[in-house]
Amino acid sequence: MNNQEELVINTNVDLFNTLDSGQSFSWEKIDGITNSYKGYFKDTNLIVEEQEKAVKIKILGGEYNSNLLEEFENYLGINPKSIDGYDSLVEDDVIKPVINMYPRLRILKQPKWECIVGFITSSCSNLPRIKLHMKSLRNINNLKFPNPYEITVIGESKLRELGFGFRAPYIVNMANHIINEQIYLDELEKVSYVEARNKLVEVKGIGRKIADCILAYSFNKTEAFPVDRHVLNGLIRWYRFPKKINPEKASDRAMKKWGKISSYAQQYIFHRQRLASRATNWGGEHKKLAISSDIYSVSYTHLRAHETREDLGFR
């Protein structure tokens, strides 16, 4: 396999709303080319382009192997229509419009260690900044994502220098847990969702939301229901959750409702609320992406005392 070689996966996926939906921090949209992204899958530098019922992959460099096509197709996740319980999502009055508008939205299945570092990095941050930090790790490690041992060699001081701030010791701490065999990543996928979540939250720097994101977007724990500000606002707005409910209780209540398809329900609710926020705040092209009835009707009445419009994603 040579650099610049092009491959095609016959799969019908919405790259824009999947790769840039807050699940992954490895991709940058290519200006001027519709639905094309440049980034890394594992340590292979790629350009991926959405085509009609297919994804074209152009290999730019880095490490790759003969299983790349199969591995990347697995990374893109499964068609939600094939999951048990899909019909109940379609019958949900809140989720149905999102599925109708974005039927090819997927949940990614990301490399485990990179996903963990990404979501630890996401704490109190934003998407462009997280992507910048994740890219900086490759830049100082010969364009390879540093493994746990390499993270400990890089060290907390260097991570702080790169802008990771208070997250730096948490990343090093997690790396040490893996090196010292306090956590086995492959085992987390085999045990139950609750066992895996409890194991992750024992690690300083990983709270409930971060653990749920890691388990939903890398470990195939579809019971996980991560609750950030967008999801919390959506649950309060559309499902009449109490205005003062905290994220953990909201997650527990949502998991009781959706069970084994919780992560899919979460992604549709997140996507709807996030696009509504952008359309309301930014207008312009963002109005075309949101559900029209959601625009200009975002409520601020449930803001807690310490929250601002920015906390709700109105930037």
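Predicted model: local features only at pLDDT ≥ 70, side-chain atom pairs only at ≥ 80, totals over all residues.
1. **Start with α12 and α13.** Helix α12 covers residues 229-239 and helix α13 covers residues 247-258. Two packed helices are described by the angle between their axes and the distance between the axes. For this pair, the angle is about 60 degrees and the axes lie 10 Å apart. That makes α12 oblique to α13, since roughly perpendicular would need 65 to 115 degrees. If you turn the model to look at the crossing, you'll find it is left-handed.

2. **Who touches whom there?** On the α12 side, the contact is made by L232, L235 and Y239. On the α13 side, look for P247, A250, K257 and W258. Sorted by class, this contact has six nonpolar residues, one charged residue and no polar ones.

3. **Now α12 against α14.** Helix α14 runs over residues 262-282, and its axis comes within 8 Å of the axis of α12. The two cross at roughly 95 degrees, so α12 and α14 count as roughly perpendicular to each other.

4. **The residues in that second contact.** From α12, the residues involved are H230, V231, N233, G234, L235, R237, W238 and Y239. Facing them in α14 are Q266, I269, F270, R272, Q273, R274, A276 and S277. By class, the contact of α12 with α14 splits into seven nonpolar, six polar and three charged residues.

5. **α10 has a buried side.** Which residues of helix α10 (residues 193-201) are buried? They are Y193, A196, R197 and L200. Viewed down the axis of α10, these residues fall within an arc of 95 degrees, so they line one face of the helix. The cover over them includes α8 (168-179), α9 (185-190), α11 (208-217) and α13. So α13 turns up again here, because it is among the elements covering the buried residues of α10.

6. **Finally, S21.** You'll find S21 in the loop between α1 (15-19) and β2 (27-29). Is S21 buried or exposed? Its relative accessibility is 1%, so S21 counts as buried. Setting aside neighbours within four places in sequence, S21 is in contact with Q267, F270 and R274. R106 is another residue to check: S21 and R106 are 85 residues apart in sequence, with their C-alpha atoms 9.7 Å apart in space.

Conventions. Residues numbered from 1 in each chain as written. Heavy atoms only, no water. Axes fitted to C-alpha atoms, helices over the stretch in contact; angles between N-to-C directions. Helix = DSSP H or I, 4+ residues; strand = E, 2+ residues; numbered from the N terminus. Parallel < 35°, antiparallel > 145°, perpendicular 65-115°, else oblique. Left-handed = near helix turned anticlockwise from the far one by under 90°. Contact = heavy atoms within 4.5 Å. Nonpolar A, V, L, I, M, F, W, Y, C, P; charged D, E, K, R; others polar. Buried < 20%, exposed > 50% of the residue type's maximum accessible area, 1.4 Å probe, protein only. Arc of directions from axis to C-beta.
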